[in-house]
Amino acid sequence: MSTTLDLIVRGGEVVTPKGLRRADVGVADGRFVQVAAEIGDSAKETIDGSGKWVFPGIVDAHVHFNEPGRAEWEGLTSGPAALCAGGGTVFFDMPLNSEPPSINADALNRKRAVAEKKSCIDFALWGGLVPGNLDALEGLRDAGAVGLKAFLCASGIDSFPAVDDLTLREGMKRAAELGMIVAVHAEDGPSVARLTAEQRERGRNDARAFMDSRPVEIELAGIRTAVDAAALTGCALHIVHVSCPEGIAVINEAKGRGVNVSAETCPHYLLLSEDDVLRFGAPTKCAPPLRDESRRRGMWREFSEGAVDTVGSDHSPAPPEMKTSEDFFEIWGGIAGCQHGYELLISEARPRIDELFPRLAAVLAANVAKRFGLAATKGEIAEGRDADFCIIEPVEERTIEASELLTRHRISPYAGRRSRARILQTVLRGMTVCSSGKLTEGAPRGQFLVPKR
């Protein structure tokens, strides 16, 4: 007996963590209901997937969309739109740089209300772990926070101070009791301050001086501090934006000791190196900084061997005036890359499709959903999950143009870069939300996602 589905994608190459398979994908009531070699049913809408990849909707667990309070930096309209154009169907917004930061339930609920009105894709929200808010952590959990974020060094935002070792341990102990994961920006704060002062005392304030003030050793010290705290407290730990193979090695050693820790890296640590900082300047400034070419290649090896658990954009934009200064230390440190970073990873992986595409499906979607308690509905093209996916077209070559950007400010280190992939369409819960780089009128608003703990 024939059934009429809402949507069928026919003949695409479906990408899953287990491999690629040519298949039809059927959708009804916002969920995947069939993934089969051929679906005989009819559908209200059909997408021709022939010659294209059907990729799971990207779950970006690390963005700074900065609203409420700093919508002039990005905002919960433009940021999600840009991510959606880049294949994203879910984002987790960090507790800073919005104002007030999400360090208590009231602030998180305020951000949730804005996102529910403005976001074109689904979302979760990080709470913050800062000095003095231990009593607020239970309220953050009850308000639906996906986890807690802490900085071991200055965050750049006065209202979101760094934690010291004692605060980190106390916060992680409480988080463990509450069943919450803690994400850590792992650079040793006192060392960053000391080396920055030393560079300034020498009269150095250029891009090279900034990178010299934050060497790999400082990142490794921060990772070890966080791992030791997780081992002591039993807290689930997520190290964000790991920039170097040595950092992955420390995390893997901790996993071997039974520490519940995962490693995130970002597209820019796989696509860019310190040479790009010296060449392009402000758009490539981030912390930890981009590393040398040897380490960039090393991160690809770690990724290809399955040592990287998740990849998040760490999209952290700012107005143009904050990206312009003769003093590189004063430039806002953040890479705006959520729209094209993932496309470029897919492009780079094309020569080894059978090996690397399943890895990408894992680190960009399935692993993220599983680690953060959303795997019941998100993360894979599989029956019963939300019908979140994107259609990606292989191309001979195209040049990414700044005019494509849907971000509030058209600043990106990827503008002018060549790509061998193009994201044609992004579908959220069975509804097209972006097509050919433009949002679809009448698409549903994003929904707030609460993790299953």
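Trainee: How do the residues lining the largest cavity divide by class?
Mentor: There are 6 nonpolar, 3 polar and 1 charged. Keep in mind that this is a predicted model.

Trainee: Which residues are they?
Mentor: The lining of the largest cavity has Pro-283, Pro-317, Ala-318, Lys-323, Gly-334, Ala-336, His-409, Ile-411, Ser-412 and Pro-413.

Trainee: How much space lies in the largest cavity?
Mentor: About 70 Å³.

Trainee: And how many cavities does a search of the whole structure find?
Mentor: Counting those of 30 Å³ or more, there are 3.

Trainee: What is the class make-up of the largest pocket's lining?
Mentor: That lining has 12 nonpolar, 13 polar and 6 charged residues.

Trainee: What volume does the second largest pocket have?
Mentor: Its volume is about 210 Å³. Of its 14 lining residues, Gln-339, Arg-398, Glu-404, Ser-436 and Gly-437 are the closest to the centre.

Trainee: Which element gives the most to the second largest pocket?
Mentor: Strand 16, with 3 residues. By class, this pocket's lining has 4 nonpolar, 6 polar and 4 charged residues.

Trainee: Back to helix 5. Where is Gln-199 found?
Mentor: Gln-199 is in helix 5, which covers residues 189–201.

Trainee: Why does Gln-199 count as buried?
Mentor: Because its relative accessibility is 5%, and buried means under 20%.

Trainee: What does the side chain of Gln-199 join up with in a polar contact?
Mentor: The side chain of Arg-204, at 2.5 Å.

Trainee: Leaving out residues up to four places away in sequence, which residues does Gln-199 touch?
Mentor: Arg-204 again, along with Ala-209, Asp-212, Ser-213 and Phe-329.

Trainee: New topic: helix 1. How many of its residues are buried?
Mentor: 8 of 8, across residues 78–85. They are Ser-78, Gly-79, Pro-80, Ala-81, Ala-82, Leu-83, Cys-84 and Ala-85.

Trainee: What covers them?
Mentor: The cover includes strand 6 (58–63), strand 7 (88–93) and helix 12 (341–349). It also includes strand 16 (418–428), strand 17 (431–435) and strand 18 (438–439).

Trainee: Which residue takes a positive phi just after helix 1?
Mentor: Gly-87, with a phi of about 95°.

Trainee: Now helix 8. Which residue follows it, and what is its phi?
Mentor: Gly-258 follows helix 8, and its phi is positive, near 90°.

Trainee: How far apart are the end C-alpha atoms of helix 8?
Mentor: They are 16 Å apart. Helix 8 has 12 residues, 245–256, so at 1.5 Å a residue it should span 16 Å, which agrees.

Trainee: Which residues of helix 8 are buried?
Mentor: Pro-245, Gly-247, Ile-248, Val-250, Ile-251 and Ala-254.

Trainee: And what covers those?
Mentor: Helix 7 (216–233) and helix 11 (293–304) are part of the cover. Strand 12 (237–239) and strand 13 (261–265) belong to it too.

Definitions and conventions. Residues are numbered from 1 along each chain as its sequence is written. This is a predicted model: local features need pLDDT of at least 70, side-chain atom pairs count only at pLDDT 80 or more; totals for chains, interfaces and linings use all residues. Side-chain values use heavy atoms; hydrogens and water are left out. On a 1 Å grid over the protein atoms alone, a cavity is a set of points where a 1.4 Å probe fits but cannot get out, and a pocket is an open set with protein on both sides within 12 Å along at least five of seven lines; lining residues have an atom within 4 Å of a point. Grid points are joined across faces, edges and corners, and a volume is the space filled by probe spheres set on the points. Ala, Val, Leu, Ile, Met, Phe, Trp, Tyr, Cys and Pro count as nonpolar, Asp, Glu, Lys and Arg as charged, and the others, Gly among them, as polar. Helices (H or I, at least four residues) and strands (E, at least two) are DSSP runs, numbered from the N terminus. The expected span of a helix is 1.5 Å times one less than its number of residues. Buried means under 20% relative accessible area, exposed over 50%, partly exposed in between (1.4 Å probe, protein chains only). Contact means heavy atoms within 4.5 Å. A polar contact is a pair of N or O atoms within 3.5 Å; within protein, one must be able to donate a hydrogen and the other to accept it, and residues adjacent in sequence count only if both atoms are side-chain atoms.
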